[in-house]
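Biologist: I am new to this one. Could you show me the model and take my questions in turn?

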Amino acid sequence: MNACHLLIVLLLVSNITSSSGVLDVFAAVASYVFNTFFDRDDLLPFDPKRLEKDLRDSLFGQHIVYDVVLKAVTSFMTDSNPNKPLVLSFHGTAGVGKNHVAKIIAKNIYENGIESHHVHMYISEYHFPHKVMSDLYKAQLKAEIYKSVSSFPRSMFIFDEMDKMQPQLIDVIKPFLDYEANIDGVSFRNAIFIFLSNAGGNVIAEVALDFWREGKDREELWMNSKELETKILQNIFNDKNSGFLHSSIIDHHLVDHYIPFLPLELKHVRQCVMTEMHHLNMIQDYDLADEVARDLPFFPAEEKIFAVKGCKSVRQKLVLYAD
Ligand SMILES: Nc1ncnc2c1ncn2[C@@H]1O[C@H](COP(=O)(O)OP(=O)(O)OP(=O)(O)O)[C@@H](O)[C@H]1O
Ligand SMILES: [Mg+2]
């Protein structure tokens, strides 16, 4: 039905005797036109070069993430007939760029980036706080994913704090992630699911620290070196408190890539401070950036190699130094 047909139907069914009736009709038509045309416009033509540039320019110290995200997203977005939705699982300690990368991906797919109404963000402790309400959450989540994808196949779902999510809720997502997923005539093959969690973060940090202690270059660390991916998986499985453990997503191999975010070193935090200076319209001062970065906590206690909170609270620290 196009906007014109809808207008006629609305005029017939509504009793337009008052000006408020007319306004209602116009509001309905405006909303229909907005949803129909604006939604379509929101999807950007995918440009792998742009994604590459965004990752290169604004993601620091994450060569594995850069490589895997660029390849996985590009191959998915340029595949006219994918056989399953794209499912990425980001792992790492605090402030290392998991949300930041999810934003970069969204920015390369939708005009409004993460603000697009095709991007659905769930933060487990915020959206699903009460265990006793899990049946209600399950029904709502299922209905929302189904409704979103049926009206817009290239929808994106981001689950933050995935490790804190109740397993029953994770299992609700499972059918949507599967190969050739087709539920009541709706295909989910063009949708994107991104899971963010701290699960496996400590294991990633240990591997990175071992590497540093062995005097090896950080950039030599890859997914298959030191069996990083296997270690992350084992770690998630062994974590009794993790929602992942009890869910069937892992056993069914529905996650395309488990992506390790490495802990950030001083030089990366300094780069974050320089970026924040730019955002705050300050003059980019390397010495000041160095001072701010060094003021943040680092671990392990003796060597102080990695930033405890990554680039989190860099802005808050920086404003204390601003005149
Ligand atoms: N690797 C990075 N490169 C560039 N900026 C980064 C990086 N990591 C973090 N940042 C900056 O720090 C902010 C906080 O990072 P982000 O929210 O992505 O952390 P996170 O990994 O999701 O952490 P948490 O597990 O605590 O949620 C980002 O908005 C970004 O500005
Ligand atoms: Mg986060």
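Biologist: By class, how many nonpolar, polar and charged residues are in the shell around ligand 1?

Modeller: This is a predicted model, where local features need pLDDT of at least 70, side-chain atom pairs count only at pLDDT 80 or more, and totals for chains, interfaces and linings use all residues. Residues are numbered from 1 along each chain as its sequence is written, while chains are lettered from A and ligands numbered from 1 in the order in which they are written. Ala, Val, Leu, Ile, Met, Phe, Trp, Tyr, Cys and Pro count as nonpolar, Asp, Glu, Lys and Arg as charged, and the others, Gly among them, as polar. The shell around ligand 1 then has 8 nonpolar, 10 polar and 2 charged residues.

Biologist: Which residues are the closest to ligand 1?

Modeller: A residue is near a molecule if its C-beta atom, placed from the backbone, lies within 6 Å of it. By that rule, 20 residues surround ligand 1. The closest are Ala94, Gly97, Lys98, His100 and Cys311.

Biologist: Which helix gives the most to the shell around ligand 1?

Modeller: Helices are DSSP runs (H or I, at least four residues), numbered from the N terminus. The one that gives the most spans residues 98–109 and supplies 3 residues. That is helix 5.

Biologist: From which domains does the shell draw at least three residues each?

Modeller: Domain bounds come from an automatic or database domain assignment. The shell around ligand 1 draws at least three residues from each of domain 2 (48–204 + 208–260) and domain 3 (266–321).

Biologist: How do helix 3 and helix 5 lie to each other?

Modeller: Axes are lines fitted to C-alpha atoms, for helices over the stretch in contact, and angles run from 0 to 180 degrees between N-to-C directions. Helix 3 (residues 48–58) and helix 5 pack at about 150°, with axes 10 Å apart. Angles under 35 degrees count as roughly parallel, over 145 as roughly antiparallel, 65 to 115 as roughly perpendicular and the rest as oblique. Helix 3 and helix 5 are therefore roughly antiparallel.

Biologist: Is helix 12 perpendicular or oblique to helix 13?

Modeller: Helix 12 and helix 13 (residues 286–294) pack at an angle of about 120°, with axes 8 Å apart. That makes helix 12 oblique to helix 13.

Biologist: And how do helix 12 and helix 14 lie to each other?

Modeller: Helix 12 (residues 266–279) and helix 14 (residues 314–321) pack at about 65°, with axes 10 Å apart. Helix 12 and helix 14 are therefore roughly perpendicular.

How values were computed: Helix = DSSP H or I, 4+ residues; strand = E, 2+ residues; numbered from the N terminus.
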